[in-house]
Amino acid sequence: MAAAIHPRQLRVEYRENPLGIDVAAPRFSWLAAAANPKARGLRQTAYRILVASSERSLRAGSGDLWDSGKVASADSAQIVYAGKPLVSGEAAFWKVQVWDQRGKPGEWSTPAEWSMGILRPEDWQAAWIGRDEPDASQPPDRRLPARYLRTEFPVGKAVRRAVVYYSGLGTSELYLNGTKVGDHVLSPGLTDYDRRVLYVTFDVTRQLVRGKNAIGLILGNGRFYAPRAERTRSFGFPKAILRLDVEYQDGSRAAVVSGPEWKLSTHGPIVANNEYDGEEYDASHEFAGWDRAGFDDSAWEAAHIVAAPAGVLAAQMANPLRVVETLHPVSVKLLQPGVWIFDMGQNMVGWCRLHVAGPKGARVVLRHAETLSPDGSLYVANLRTARATDVYTLKGDRAEVWEPRFTYHGFRYLELTGWPNDSAPTTAALEGRVVHDDMQAVADFSSSSNMLNQIHRNVFWGIRGNYRSIPTDCPQRDERQGWLGDRSQVSRSESYMFDIAAFYSKWEQDLADSQRADGSIPDVAPTYWSLYNDDITWPSTFLFVPGMLYDQYGDRRVLELFYPAMKQWIEHERGYLQDGLMPKDQYADWCVPPEDPKLIHSKDPARVTNPTLIATAYYYHLLRLAARYARMLDRPADAAGYDALAEEGNAAFQKRFLKPATGVYDNATQTSSILPLFFNLAPPGNRAALLASLVNNIDHVTHGHVGTGLVGAQFLMRTLTENGRSDLAYEIATQPTYPGWGYMVSKGATTVWELWNGDTAEPSMNSGNHVMQIGDLAVWMYEYLAGIRPDPANPGFRHVLIHPYPAGDLTFVRASHQSMYGKIATSWKRDGGAFTLSVAIPPNTSATVWMPAKDAASVTESGRPTARARGVKFLRTEGDSTLFELESGDFVLRSK
Ligand code: BGC
């Protein structure tokens with residue numbers, strides 16, 4: 001009899017077959033797939049991993065790099081390589097075998113592979129090239145023309161393997177023999193280039209030809225050459241480093257590296273580019289064949305050897321940005337003679353591909369905006385200094401197709417001018433290219449509420465639109481920064497939309513890179529805007545993210561790696577304590593719904609939460625979190641220290657803010673009740689009064705609407721739901737009137753706004769696509785409405801807590817989550833007095849499920865008493881719920 005499970009989707013460091021990674025001990029993960037999808041109780045009891053230096057030895061069953069041996073373990077994620085040390089450029093091949101719950105061994109998996117990047121700086125043997133000066137013939141501009149680099153090299157023998165490693169700053173595209181290498185866009189990922197510079201790796205074996213070969217590299221400005229009037233750091237002129245390793249069939253090797261024999265031109269078709277203002281492309285400047293052998297580059301200058309960026313070269317380990325989807329405009333309208341307005345039907349992020357025909361020299365201008373003014377023209381006031389304008393100059397071919405490379409825009413509407421022929425443009429003139437980090441989308445939620453479904457969609461589009469290798473605040477105006485505060489709990493919400501494990505591991509490194517020697521963590525990272533305010537709230541993300549990665553993905557390494565830096569930050573902030581209170585707070589409960597529809601920040605003291613209350617509550621909570629991490633990492637003395645300090649903080653907090661007569665804190669805003677409730681700061685005897693005050697505020701002050709800003713919104717939905725008020729959470733979530741996510745929907749929003757009053761506020765800080773106010777909304781949808789929650793004691797969804805909270809008039813909710821252990825799905829419906837819950841638990845996991853039922857006898861599974869159902873075990877009753885333990889499989893539970 002065959003084994004009941006077999007391994008599939010083999011991943012190394014979260015990716016399938018990654019190339020050019022640079023961790024010494026990579027981690028392996030796989031899914032245990034069921035041979036029979038109907039089976040229950042499937043488990044892995046052991047595994048064996050083989051890693052070989054060639055495909056052939058792997059096939060022959062030799063693990064010459066590592067043979068884990070048979071390991072009795074149910075782990076199928078985050079298994080750490082413990083084989084021979086790996087060297088630069090080394091390729092490794094691996095497979096895994098698993099034993100099922102009966103101890104039966106399965107077939108070996110399909111082989112997978114990975115390769116190492118360049119592990120030591122001296123292994124590059126290549127120079128940084130470019131030109132560290134502006135282009136004399138061009139006026140100084142914040143948008144240099146793109147720099148084109150090229151070289152040729154011979155290949156005289158049959159090639160076994162060719163791998164290219166390169167970094168082109170700010171952003172670059174590589175071409176080999178006339179074809180683009182890979183499909184990354186806006187590559188490499190953003191970092192603080194003074195600390196770290198990412199390179200990417202591609203296998204180009206199949207792109208090489210016998211004889212002469214040519215490499216072409218285009219450099220855009222990105223965030224490296226980024227002069228802007230205000231604040232923004234700029235690092236220097238665009239530059240690149242490249243190494244191409246060729247291994248011949250006969251075992252000999254050769255390398256092509258960037259150096260002084262490369263040629264450079266600044267007179268190519270990309271005449272201007274940057275991320276904010278747009279790209280200008282003159283097709284009549286194209287160098288036909290520049291990226292093929294034999295091109296006459298005698299008019300090009302020699303590339304200069306330039307100073308290396310100060311940062312260390314590191315492999316890009318997260319998924320690249322790609323064009324992930326193409327949208328078609330829903331309409332095009334003539335606004336006035338020669339001015340056309342296109343509507344993409346969705347506030348999206350990326351750019352447009354243009355289809356046009358006309359005479360050489362004709363200029364088509366595309367301007368982008370999120371909304372329209374009442375007269376139908378583009379509304380660009382909220383873009384601030386971002387010009388968001390792409391220009392294409394035709395070369396005069398019969399049909400020209402163009403899209404920019406080194407810019408991106410946040411937009412729903414486009415203004416097209418300069419259409420070069422008599423017939424009007426149709427919607428076919430443009431395609432919307434949706435661009436972001438290409439992570440697996442896992443979002444899957446629907447319910448009986450159309451409003452909730454549309455809100456979920458807006459959240460999804462808002463989140464995807466703010467991935468630009470860092471999580472940004474917004475994608476449209478002249479900002480687009482990695483603001484820490486915007487992501488504190490939103491990152492947990494995001495984990496239900498995309499597989500963000502590698503992405504957030506990378507950003508955590510960015511945060512650590514931004515830490516000052518004294519321990520200070522800034523509010524923005526990478527620090528393109530340098531803001532070291534020593535706040536608690538914004539930098540708290542530095543502590544929240546590792547916990548999120550641990551709970552959601554079972555990732556311990558990020559915690560281990562950054563624990564010392566977190567500890568240092570806590571110590572640093574500790575120096576600011578005054579009588580146990582933490583006075584450091586810059587932004588307070590950022591952007592609460594203001595009293596006047598034009599205002600950005602409320603001036604009403606009754607809406608504003610005391611900043612010291614916020615910072616002290618947060619600091620207390622972070623100490624508890626740090627104590628948890630310290631215990632996990634076996635540092636009991638640290639944990640005891642954090643706990644003791646938390647006790648002191650708690651006492652000071654009560655003394656300063658608690659109103660003993662009423663049990664509320666300070667001025668009793670929603671946020672000043674939410675934080676003590678969620679952080680468990682409120683003494684048990686006070687919780688009821690505090691909750692009553694929060695509910696009273698929602699009922700009578702904000703009339704069933706949200707009354708928080710960024711800070712309160714991170715915990716709002718969970719606080720209400722966990723305290724028995726899922727009805728109120730639902731009411732707030734779906735309100736069609738101001739303020740709330742539903743209000744945005746009722747105003748036609750297709751993303752989430754920066755401001756609750758985003759339709760009326762003045763434009764200086766009013767983005768139509770911000771994630772910060774999403775807070776824990778998506779956490780609530782997936783973990784509470786659908787009831788799919790990780791179990792911190794068995795992280796990465798290895799054991800799942802299934803606890804749906806039916807709310808309001810919802811008659812059904814259906815959702816799933818694709819976890820490290822496979823897809824977990826729930827679907828419940830209410831009809832009459834009955835509650836039916838369908839659950840899918842993937843192999844090698846188990847779940848505790850809460851059913852609304854007074855005892856086990858009132859619950860059936862697939863029509864049978866639960867006592868007789870396979871894979872179902874009664875645990876206990878808890879209030880109005882009856883708890884069961886489920887093994888893997890599909891179940892239908894029903895209670896009356
Ligand atoms: C950003 C926010 C950020 C805030 C903090 C704004 O300009 O867009 O997302 O958190 O500033 O000051």
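Reader: Which residues is Tyr784 in contact with, leaving aside neighbours within four places in sequence?
Author: This is a predicted model, to start with. In it, Tyr784 is in contact with Arg718, Thr721, Glu722, Val779, Arg789, His803, Pro804 and Tyr805.
Reader: Which of those does its side chain make a polar contact with?
Author: The side chain of Glu722. The polar contact with the Tyr784 side chain is 2.4 Å.
Reader: And where is the place of Tyr784?
Author: In helix H15, which covers residues 777-785.
Reader: Is Tyr784 buried or exposed?
Author: Buried. Its relative accessible area is 2%. The cut-off for buried is under 20%, so Tyr784 qualifies.
Reader: How far apart are Tyr784 and Ile802?
Author: In sequence, 18 residues. In space, 8.7 Å from C-alpha to C-alpha.
Reader: Let's stay with helices. How many residues of helix H13 are buried?
Author: Seven of nine. H13 spans residues 726-734, and with that count it is largely enclosed by the rest of the structure.
Reader: Which ones are they?
Author: Ser726, Leu728, Ala729, Tyr730, Ile732, Ala733 and Thr734 are the buried residues of H13.
Reader: What covers them?
Author: The cover includes helix H2 (450-464), helix H10 (687-701), helix H12 (716-722) and helix H14 (741-746). H15 is also among the elements that cover H13, and H15 is where Tyr784 sits.
Reader: Switching to the ligand. Which residues surround it?
Author: Asp473, Arg477, Glu479, Trp483, Asp486, Trp538, Tyr587, Trp590, Glu754, His770 and Met772.
Reader: How does that shell split by class?
Author: Five nonpolar, one polar and five charged residues.
Reader: Which side chains have an N or O atom 2.7 Å or 3.4 Å from a ligand oxygen?
Author: Asp473 is at 2.7 Å. Glu754 is at 3.4 Å. His770 also has a polar side-chain atom 2.9 Å from an oxygen atom of the ligand.
Reader: And how much of the ligand does the protein bury?
Author: 94% of its exposed area. Taken alone, the ligand exposes 310 Å².
Reader: On to strands. How many residues of strand S12 are buried?
Author: Six of six. S12 is residues 171-176, and the strand is mostly covered.
Reader: Which residues point which way?
Author: Thr171, Glu173 and Tyr175 point one way. Ser172, Leu174 and Leu176 point the other way. All are buried.
Reader: Which strands is S12 joined to?
Author: Strand S15 (residues 211-220) is joined to S12 by six bridges, running antiparallel. In that pairing, Leu176 stands opposite Ile215. Strand S13 (residues 179-180) is joined to S12 by two bridges, also antiparallel. There, Tyr175 stands opposite Lys180.
Reader: What about the hairpin of S12 and S13, which residue takes a positive phi?
Author: Asn177. The phi is near 50 degrees, and two residues lie between the strands.
Reader: Now the open sheet of three strands. What is the order?
Author: S1-S2-S6, with antiparallel pairing. Strand S1 (5-12) and strand S6 (79-80) stand at the edges. Each has a single partner strand, so one side of each is left without a neighbour in the sheet.
Reader: How many bridges between S1 and strand S2?
Author: Six, in the antiparallel sense. S2 covers residues 27-34. Ile5 stands opposite Ala34 in S2.
Reader: And the open sheet of seven strands, in what order?
Author: S34-S39-S40-S41-S47-S43-S44, again with antiparallel pairing. Its edge strands are strand S34 (445-447) and strand S44 (864-865), which each pair on one side only.
Reader: What pairs with S44?
Author: Strand S43 (residues 859-861), over two bridges in the antiparallel sense. Thr860 has Pro865 in S44 as its bridge partner.
Reader: Last one. Where is the place of Asn274, and is Asn274 buried or exposed?
Author: Asn274 is in strand S19, residues 270-274. Asn274 counts as buried, at 4% relative accessibility.
Reader: What does its side chain reach?
Author: The backbone nitrogen of Tyr276, at 2.9 Å. Not counting residues up to four places away in sequence, Asn274 touches Arg142, Arg143, Arg228, Phe406 and Thr407.

Terms used
Residues are numbered from 1 along each chain as its sequence is written. This is a predicted model: local features need pLDDT of at least 70, side-chain atom pairs count only at pLDDT 80 or more; totals for chains, interfaces and linings use all residues. Side-chain values use heavy atoms; hydrogens and water are left out. Helices (H or I, at least four residues) and strands (E, at least two) are DSSP runs, numbered from the N terminus. Buried means under 20% relative accessible area, exposed over 50%, partly exposed in between (1.4 Å probe, protein chains only). Contact means heavy atoms within 4.5 Å. A polar contact is a pair of N or O atoms within 3.5 Å; within protein, one must be able to donate a hydrogen and the other to accept it, and residues adjacent in sequence count only if both atoms are side-chain atoms. A residue is near a molecule or strand if one of its heavy atoms lies within 4 Å of it. Accessible areas come from the Shrake-Rupley method with a 1.4 Å probe; for residues, only the protein chains shown count as cover. Ala, Val, Leu, Ile, Met, Phe, Trp, Tyr, Cys and Pro count as nonpolar, Asp, Glu, Lys and Arg as charged, and the others, Gly among them, as polar. Two strands pair if DSSP finds at least two bridges between them.
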